[in-house]
Amino acid sequence: MSEQPKTTHFGFRDVPVGDKQKLVGQVFTSVARSYDLMNDLMSFGVHRLWKRHFVAISGVRRGDRVLDLAGGTGDIAALLKPVVGAEGEVVVGDINAAMLGVGRDRMTDRGLVSGLRWTQLNAECLPFPDNSFDAVTMAFGLRNVTDKDKALADICRVLKPGGRALVLEFSRVQSELFGKLYDFHSFKVLPKLGQLFAGDADSYQYLAESIRKHPDQQTLKSMMETAGFGRVEVRNLTNGIVAIHKAWKF
């Protein structure tokens, strides 16, 4: 008998491992031009405050070299660039060319060119030497990675000793009542809004499902420790709708 192919989740569906990257790519190519709208619909606009807080507690300093993964639209890079200053560099990495194109065009329009580098890459096999970055950030991207353990280990590899990894991601809501309201918004309202404003209900349905399949706060903390990080802190925002995991490489 032939061996059955390994599967992974794509939202609530099980798909062959080799298919997930392509399916996720189709979603983000579809929503690239409406990505800000997508985040506004998913978070009631609060994602902008989450991202500012994420960068504010990052510990990034002037002159640092930072890798921003899944950063295609440039939201985090735009916040990081003034912090690292002219002496620093922000490398924006994303697996999706359409997302990178949107971000590069947006940053160019804002006059943010110097000190930003754009690289199409896979977070599971980063094309950088060991000990290359002072910090690695990843906002709302880890849940779409097929092999999260592999990605976390490679993030740890490219960090300098003493460097920090920061992951901002949707997580497990802490209140049962609030969770029910959040589920109603995610599965009943969000896809309809996606269809109305972006003409794409299916992608928004997947994004809601992908949040529920993502590891919760403590599970992700344990995964980061297994990946080689010496210390991991977890900070819930908005009752755990999102969480920031901050980890150090020793």
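W50 and F140 are both buried (under 20% relative accessible area with a 1.4 Å probe, protein chains only; over 50% is exposed, and in between is partly exposed). This is a predicted model, where local features need pLDDT of at least 70, side-chain atom pairs count only at pLDDT 80 or more, and totals for chains, interfaces and linings use all residues. Residues are numbered from 1 along each chain as its sequence is written, and side-chain values use heavy atoms, with hydrogens and water left out.

A search of the whole structure turns up four aromatic pairs. Rings of Phe, Tyr and Trp (its six-membered ring) pair if their centres lie within 6.5 Å; planes under 30 degrees apart are stacked, over 60 edge-to-face, and the rest tilted. Here are two of the pairs:

| Pair | Centres | Planes | Type |
|---|---|---|---|
| W50 and F140 | 6.3 Å | 50 degrees | tilted |
| F128 and F133 | 5.0 Å | 90 degrees | edge-to-face |

Now for the record: UniProt, in an unreviewed entry, puts a "binding site" at T73, D94, N122 and A123 (numbering as used here, feature name shortened, and annotations may be inferred rather than shown by experiment). T73 is buried at 4% relative accessibility. D94 is buried too, at 7%, and its side chain reaches the backbone nitrogen of G72 at 2.9 Å. Beyond four places in sequence, D94 touches several residues, including A70, M99 and T119 (contact means heavy atoms within 4.5 Å).

Notes:
Polar contact = N/O pair within 3.5 Å; in protein donor to acceptor, adjacent residues only side chain to side chain.
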